[in-house]
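Colleague: I am new to this structure and would like to learn how to read it. Could you walk me through its features one at a time?

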Amino acid sequence: MAFKLTSRLRVLPLQVRLCQVAFCSSIGSRFQVQHDPHAHRFTLTPSAGTDSDEAAVLLYKFTGEKEVDLMSTFVPETFRGQGAAAVLSQAAMDFLVKEDLKARISCWYIKKYIEEHPEEIYKERVIAYTIQD
């Protein structure tokens, strides 16, 4: 019984944060995140009705059957300072959890995101940080 309760509590922070992002006025209403598993990328694009065709991108590649390398994030100048990279990073980490994958982190921003969001459910997905200076 205690194990089931503990398991449910570990997932709670993830669910709460997903709700917070959905209601974030600066990002949630103006942008949408899409995952393209064939291209191994997450993109954050403006919602319908906006004039920009720019996109923020997080790229990853599979390095094993259940292992990925979260390689890079790119945020166009017009989206910077609005939390776009954080939303992409959260989407990638949630993907790891959902698909039961492990990750090598090659992107400095994703490393920073994980350090700022110390939930065990994310930290246990990280195999190594392979950031090159």
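Colleague: Which order do the strands of the open sheet have?

Modeller: Two strands pair if DSSP finds at least two bridges between them. Here six strands form an open sheet in the order E1-E2-E3-E4-E5-E6, and the pairing is mixed. Strand E1 (31-36) and strand E6 (126-129) stand at the edges with a single partner strand each, so one side of each has no neighbour in the sheet. On average, neighbouring strands of this sheet are turned by 20 degrees against each other, direction ignored; the axes behind such angles are lines fitted to C-alpha atoms, for helices over the stretch in contact, and angles run from 0 to 180 degrees between N-to-C directions.

Colleague: What should I keep in mind about the model itself and its numbering?

Modeller: This is a predicted model, in which local features need pLDDT of at least 70 and side-chain atom pairs count only at pLDDT 80 or more, while totals for chains, interfaces and linings use all residues. Residues are numbered from 1 along each chain as its sequence is written, and side-chain values use heavy atoms, with hydrogens and water left out.

Colleague: How many helices and strands are there in the chain?

Modeller: Helices (H or I, at least four residues) and strands (E, at least two) are DSSP runs, numbered from the N terminus. The chain has four helices and six strands, and along the sequence they follow the pattern α-β-β-β-β-α-β-α-α-β.

Colleague: In which sense do E1 and E2 pair?

Modeller: E1 and strand E2 (residues 41-46) are antiparallel, with six bridges; one example is Phe 31, whose bridge partner in E2 is Pro 46. The two strands form a hairpin with four residues between them. His 40 lies in the loop between E1 and E2, and its phi is near 55 degrees, a positive value in a residue other than glycine.

Colleague: Is His 40 buried, partly exposed or exposed?

Modeller: Buried means under 20% relative accessible area, exposed over 50%, and partly exposed in between (1.4 Å probe, protein chains only). His 40 has 25% relative accessibility, so it counts as partly exposed. Asp 100, in the loop between H2 and E5, also has a phi near 55 degrees, positive in a residue other than glycine. With a relative accessible area of 45%, Asp 100 is partly exposed. Of the 133 residues of the chain, 37% count as buried.

Colleague: What about Ser 47, and where is its place?

Modeller: Ser 47 sits in the loop between E2 and E3. At 17% relative accessibility, Ser 47 counts as buried. The C-alpha atoms of Ser 47 and Gln 32 are separated by 5.9 Å, with the two residues 15 apart along the chain.

Colleague: How do I read the two faces of a strand, and which residues of E5 are covered?

Modeller: In a regular strand the side chains alternate between the two faces of the sheet. E5 has Ala 103 and Ile 105 on a covered face, and Lys 102 and Arg 104 on an uncovered one. E4 and E5 run parallel and are joined by four bridges, and Glu 67 stands opposite Lys 102 in E5. E2 is another case: five of its six residues are buried, so E2 is largely enclosed by the rest of the structure. E2 also pairs with E3 in the antiparallel sense over four bridges, where Thr 43 has Val 57 in E3 as its bridge partner.

Colleague: Which residues have the most contacts inside the largest nonpolar core?

Modeller: A nonpolar core is a set of buried Ala, Val, Leu, Ile, Met, Phe, Trp, Tyr and Cys residues joined through side-chain atoms within 4.5 Å. The largest one has 31 residues, and Phe 42, Leu 44 and Leu 70 have the most contacts inside it. Elements giving two or more residues to this core include E2, strand E3 (56-64), strand E5 (102-105) and helix H4 (120-123). H2 provides the largest share of this core, ten residues.

Colleague: Last topic: which residues lie nearest the centre of the largest pocket?

Modeller: Rolling a probe the size of a water molecule over the atoms shows where empty space is left. On a 1 Å grid over the protein atoms alone, a pocket is an open set of points where a 1.4 Å probe fits, with protein on both sides within 12 Å along at least five of seven lines; lining residues have an atom within 4 Å of a point. The largest pocket here has 13 lining residues, and Thr 73, Val 75, Arg 80, Ala 85 and Tyr 109 lie nearest its centre. Strand E4 (67-74), helix H2 (84-99) and helix H3 (108-116) are the elements that give two or more residues to this lining, and H2 gives the most, with three residues.
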